[in-house]
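Visitor: I have a structure to look at and some quick questions. Can you walk me through it?
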Amino acid sequence: MIVILWQLFLSIAILSQLSCARLSLRLSCDRFVATELATDIIVHVGEVKFHLHKFPLLSKSARLQKLVAATNDESNNEIHILNVPGGPAAFEICAKFCYGMTVILNAYNVVAARCAAEYLEMHESVEKGNLIYKIEVFLDTSIFRSWKDSIIVLQTTKSLLPWSEDLKLVSHCIDSIASKASIDASMVEWSYTYNRKKLPSENGLDTQWNGVKKQQSVPKDWWVEDLCELEMDFYRRLIMAIKAKGRMSGKVIGEALKAYTYRRIRGFGRGSLIHEGDVMKSRSLLETIIWLLPFEKGSVSCSFLLKLLTAASLLDSGEMGKKELIKRIGRQLEEASVPDLLIPSMSGEDTVYDTNMVLSIVEEFVMQDSGAAHTSPKASEVLEETRSPAIVSGSSKISVAKLVDGYLAEIAKDPKLPLSKFVDLAEMLSADSRPVHDGLYRAIDRYLKEHPGLSKSERKKICGLMDCKKLSADACSHAVQNERLPLRAVVQVLFFEQVRAAATAAGRTENCGGSYGSSSSGVTTNTEDDWDGLPTVEDLKLLKSMKLVGGGESERSSDSNAASKNQGNDRAGNGKVKGIMMPKKILGKLLSSKGQGGENTSSDTSGSPGSANQDEPKSTPLRNTRYSVS
């Protein structure tokens with residue numbers, strides 16, 4: 001009985017002295033308790049020695065009890081702990097708690113302290129109110145109620161895996177952040193980072209500001225910038241948690257993914273993505289971003305999707321990700337711009353731009369209208385379930401046609417672009433998508449200019465894409481003077497321009513519309529025979545019958561007798577088609593070229609405008625050939 005009382009007295013005396021103790025650093029690798037009692041145990045944590053007392057440690061740590069009990073040599077007062085999570089700093093927090101010292105916990109050290117306490121088995125079963133319990137209370141009542149502290153704690157869990165994962169610290173952080181991000185913006189009262197320019201009233205620069213600071217409404221994407229600091233794995237899980245709560249719109253999630261991509265992928269959107277050490281990391285991040293994109297159409301802009309596709313091409317990402325992007329882009333292609341479509345080719349390709357990828361995008365757009373959307377691979381089955389073939393509006397078709405024509409004009413500058421790729425892309429869209437062919441004509445003209453070595457059949461093929469009836473007056477004016485076009489194309493342009501001008505002058509638009517369509521049936525069918533480089537006899541007859549006027553010349557009739565007989569009628573007709581003029585240069589070119597096609601044509605015949613003398617019409621070589629239409 002006396003022995004028990006003596007031991008109890010000693011314990012109270014030790015505790016009273018240790019309550020005033022403090023850990024102090026004497027040497028770089030040694031820590032001591034500043035107390036009058038001599039230490040009786042040395043704990044090695046990594047390279048640091050802690051000179052401590054057994055009683056306060058063993059009273060709260062089950063693991064230290066086991067380690068001391070396992071020591072057979074009573075004279076040996078040293079134990080080694082090599083793998084304490086959080087290292088010496090975390091162990092020191094636990095040791096201070098054992099001595100009853102004040103422990104300062106914050107968002108930066110609480111995870112390490114929690115993992116170290118778990119390692120040392122400081123549970124409630126060892127002593128009531130032990131360290132694990134108190135840390136859990138601190139997390140629930142302080143850390144997880146704070147927006148920024150929750151983010152900081154989540155970041156610190158990475159270095160303490162798998163402990164932090166097993167203790168569900170990561171999942172609790174993610175749930176806390178996702179819940180706060182999903183709350184109604186009007187209820188947000190905590191501090192956050194939002195990357196926007198301040199209003200003049202906020203800076204005090206507004207001349208009409210009355211000095212009363214108004215409460216600014218919280219934007220829906222207030223949380224986007226703060227989460228950009230997270231690593232990809234945590235960010236992925238967080239976005240998935242926000243989606244699962246179902247309270248956040250796809251557009252805001254899309255904005256968050258866009259901000260994260262620009263922040264985390266160096267050179268994104270500037271065409272300078274690749275740094276040798278970052279390729280694998282950037283590729284993995286990009287593929288994750290692609291699969292996190294919301295399902296809803298319009299949740300991210302088409303421009304951003306095309307930048308993702310460009311990055312995927314440069315980083316040589318997987319085909320599944322590229323196909324998914326192509327489908328998404330095809331659903332909203334009318335929003336794109338020509339610069340976004342200029343995707344560089346992979347190394348080793350002859351062409352400057354990847355036209356095959358753009359062809360796939362346009363094909364996806366066309367398939368929407370036809371309702372022939374094909375089934376994607378198994379990995380995309382979930383995504384495909386949310387989609388259905390959409391009916392493409394007429395305005396969308398016209399917008400995409402203008403986009404494709406602009407793209408064709410850009411890639412036509414590439415001297416190594418094969419004609420087949422140009423033609424395939426131009427033919428992807430239906431005829432009703434191009435009510436005007438000016439853009440297509442511009443692309444064809446540029447291709448002819450950059451590829452002067454095209455054969456006759458190739459020139460016919462590319463010009464066959466163009467419908468001369470759908471050219472505007474300005475385009476027609478340019479085309480009839482364009483020496484790069486085959487003569488047959490020039491004849492067609494002239495013919496339909498004359499018909500259009502005659503109809504306007506006569507004021508019979510509706511009636512001419514019917515004959516206009518019927519007349520075009522034989523002329524605009526671009527078969528092999530129609531696209532000869534020289535005009536046919538029928539073409540010249542048509543041109544003669546249209547009362548073509550050159551420069552300041554008077555009107556010429558193909559039949560002098562008919563002209564004298566119907567002189568009065570001709571004057572009336574002349575008034576109706578006033579202003580309809582065949583350019584002298586092109587007319588001379590047509591006539592001289594046809595004369596050169598004859599077997600007995602004189603070598604003096606040329607295609608220059610001056611070859612036809614206005615004062616001596618009878619000397620025109622065309623009248624002496626067997627192709628005469630007089």
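Visitor: Which residue in strand 4 does Val 45 stand opposite?
Guide: Val 45 stands opposite Val 48. Keep in mind that this is a predicted model.

Visitor: How do strand 3 and strand 4 run, and how many bridges join them?
Guide: They run antiparallel, and five bridges join them. The two strands form a hairpin with two residues between them. Gly 46, in the turn, has a positive phi of about 65°.

Visitor: Is strand 4 mostly covered or mostly open?
Guide: Mostly covered: four of its five residues, 48–52, are buried.

Visitor: What does Phe 91 touch, leaving aside its neighbours within four places in sequence?
Guide: Its contacts include Val 43, Val 45, Phe 50 and Leu 52. Val 43 and Phe 91 are also among the residues that touch the most other members of the largest nonpolar core, which has 144 residues.

Visitor: New topic. How many salt bridges are there?
Guide: The structure holds 20. In one of them, Glu 136 pairs with Arg 114, with the closest N and O atoms 2.8 Å apart.

Visitor: Where do Glu 136 and Arg 114 lie?
Guide: Glu 136 lies in helix 6 and Arg 114 in helix 5, so the pair ties together parts that are 22 residues apart in sequence.

Visitor: Is Arg 114 buried or exposed?
Guide: Arg 114 counts as buried, because its relative accessibility is 7% and the cut-off for buried is under 20%. Glu 136, at 24%, counts as partly exposed.

Visitor: And which salt bridge joins Lys 96 to another side chain?
Guide: The one with Glu 92, at 3.7 Å from N to O. Both lie in helix 4, four residues apart, about one turn of the helix.

Technical notes
Residues numbered from 1 in each chain as written. Predicted model: local features only at pLDDT ≥ 70, side-chain atom pairs only at ≥ 80, totals over all residues. Heavy atoms only, no water. Buried < 20%, exposed > 50% of the residue type's maximum accessible area, 1.4 Å probe, protein only. Pairing = 2+ DSSP bridges. Core = buried A, V, L, I, M, F, W, Y, C linked by side-chain atoms within 4.5 Å. Contact = heavy atoms within 4.5 Å. Salt bridge = Lys/Arg side-chain N within 4 Å of Asp/Glu carboxyl O.
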